[in-house]
Amino acid sequence: MLTPAQLTAIDQHLRKENWLLNEDLITELTDHYINGITDRLAQGMAFDLALREIHTGFGGRKGLLKMEEDYQVQRYRKLGQLEWQVIRSFMNGSRRPITTSLFIGLYIINTYFGAEDMVKTGLAVGFLFVTFSVLISIAKGIFVLYQNRNEVSQAVGQPSSPVFITAYLLSMSLLLLNKYGLPKYDLSLPASVLLSLQTLLETLCLVYYAAIVLAMRHILLKERNQRLPKSA
Amino acid sequence: MNTSSNSSLLKGSLSVMILRLLEDREKMYGYEITQKVKDLTAGEMTITEGALYPALHKLEADGLLTTETQIVDGRTRKYYSLTKTGHTEAAGRIAELAAFLENLNLVLKLKPSM
């Protein structure tokens, strides 16, 4: 059992001497340091030497800081995976009825309340954000697929929703074609088709926002539960 | 075993070792994994902390591991366990590594041609 002074020394070692900030990582590493030092003290090693030995195992300050940086990256990746998991549930899972209701609701607002321009303006930035995110997701998917080309299964592949991406890119492409391509040949898509495509894009945009909110909520709730751990 | 060659050989198989250990035990924490490997190999193989934790965090982000925390001796301990996907992936990766080692062994045991 370590003394309070030794426990404080470990905490200061991680926070002050090695500049770690992430509380979850500090908690995990504190447990590791305590276990490692306790075992070494039992073998007759001095506290300072035991601390230094474990510190070396982590690759020194440089190793610890790199670990914290990687930890944040992995956390961000996890959030991204969760987002797409929620999107899949909206597109072809348990939440599909919500997506259908959202589409019908927006179609009614656009058609009968004449609020098409208002909705379009309201989601203008959203369109850019979602389009950017979809393109990034495709690029990431190709990159991860290439990186893991020798993996046994695709469990580590970048998750996404083919239904969402296909629907989004298709409707966006048709609207762009109608705006910039077809007028050159004096052609245009029927107004009802355009309205449906516009409503579909708006629906997908809202689904994407909902997925971000739900994924963040899930992670925050999990983190809160982990800070209130159960006794062994 | 030489430590530097040990760590370079370990690099590619560390995640498989973690998956295999967690397949055997329901849940484990970081320090426990390092000690288990040390015990199993009679101290011949050691996993450095600098390699173990990034591997655990990556496997967790990949959705192969899940975590839970418990209070042990008055402090928080983070336990790792396999997810459903992790169980499937573990079986595949272990089989792949075993096949690779078998082939490697064939090459290493090559008798000099007369």
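In chain B, helix α2(B) passes helix α5(B) in a left-handed crossing, meaning that the near helix is turned anticlockwise from the far one by less than a right angle. This is a predicted model, in which local features need pLDDT of at least 70, side-chain atom pairs count only at pLDDT 80 or more, and totals for chains, interfaces and linings use all residues. Residues are numbered from 1 along each chain as its sequence is written, while chains are lettered from A and ligands numbered from 1 in the order in which they are written.

Helices here are DSSP runs of H or I with at least four residues, and strands are runs of E with at least two, numbered from the N terminus. The axes of α2(B) and α5(B) come within 9 Å and cross at roughly 125°.

| Helix | Span | Residues in the contact |
|---|---|---|
| α2(B) | residues 14-24 | B:V16, B:L19, B:R20, B:E23 |
| α5(B) | residues 84-108 | B:G86, B:E89, B:A90, B:R93, B:I94, B:L97 |

By class, this contact has 5 nonpolar, 1 polar and 4 charged residues.

Now for chain A, which has 9 helices and 1 strand. Along the sequence they run α-α-α-α-α-α-α-α-α-β. An automatic or database assignment gives chain A domain 1 (4-58) and domain 2 (75-227).

Technical notes. Axes are lines fitted to C-alpha atoms, for helices over the stretch in contact, and angles run from 0 to 180 degrees between N-to-C directions. Two residues are in contact if their C-beta atoms, placed from the backbone, lie within 7 Å. Ala, Val, Leu, Ile, Met, Phe, Trp, Tyr, Cys and Pro count as nonpolar, Asp, Glu, Lys and Arg as charged, and the others, Gly among them, as polar.
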